[in-house]
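Welcome, and thanks for taking a look at this one with me. Here are a few points to follow as you turn the structure around.

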Amino acid sequence: MDSHHPSLSSRPYLARALFQWLLDNDLTPHLVVDAEHPQVEVPRQFVQNGQIVLNLSPSAIRDLAMENDAISFEARFGGQPMRVMVPSDALVAIYGRENGVGMVFGHEPVMPQPEEASDEAPPALSEVDTSEDPAPEEGAGEEGEGPRRPNKGRPSLRVIK
């Protein structure tokens, strides 16, 4: 298996996209990191309440690598150079310093783990039946009147925790 295997978590993909979006909008990307995570390598003197905020401005860091398993870069803290390593699951949020716009992670989509030697069929998408909706839209005619079909086939997003 090569090092570019996909991640089960969407977090690293979202972080990369938001990082680029913040830069494209002339904002300074900041990461909020769970400093209690065992593999986190950050300057401990700047940890507050178990978290640390890191400036990811291209002028503040060097050798940024945003991989699926971790974000790493070189930075100076109090004049001392340091290699910073943030595993993807230690990412709490990414936002623009200037306006706070960004994303807090925690409920982003995660691919289910494949079962070991399972003979079951893989999960499949199924259509959600919305035809039994007791509240039709106002102004909708009787059945068969006109081309409007209220509440039929309307997509819905359900958050799965």
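**Notes for a first look**

1. Let's begin in the segment after strand S7 (102-104), which is where Met111 lies. Please keep in mind throughout that this is a predicted model. Met111 has a relative accessible area of 55%, and it counts as exposed because that value is over 50%.

2. Now turn to strand S4 (residues 70-77). Six of its eight residues are buried, so S4 is largely enclosed by the rest of the structure.

3. What joins S3 to S4? The link is a hairpin through three residues. Strand S3 (residues 61-66) pairs with S4 in the antiparallel sense over four bridges, and you can find Ile61 opposite Ala75 in S4.

4. S4 is also joined to strand S5 (residues 80-87), by eight bridges, and these two strands run antiparallel. Look for Arg76 opposite Pro81 in S5. Two residues lie between the strands in the hairpin of S4 and S5, where Gly78 takes a positive phi near 60°.

5. Finally, how many salt bridges does the count come to? There are two. Arg83 forms one with Glu74, with the closest N and O atoms 3.4 Å apart. Arg83 is partly exposed at 33% relative accessibility, and Glu74 is partly exposed at 28%. Glu98 forms a salt bridge with Arg97, where the closest N and O atoms are 3.6 Å apart; Glu98 is partly exposed, at 41% relative accessible area.

Technical notes:
Residues are numbered from 1 along each chain as its sequence is written. This is a predicted model: local features need pLDDT of at least 70, side-chain atom pairs count only at pLDDT 80 or more; totals for chains, interfaces and linings use all residues. Side-chain values use heavy atoms; hydrogens and water are left out. A salt bridge is a side-chain nitrogen of Lys or Arg within 4 Å of a carboxyl oxygen of Asp or Glu. Buried means under 20% relative accessible area, exposed over 50%, partly exposed in between (1.4 Å probe, protein chains only). Two strands pair if DSSP finds at least two bridges between them.
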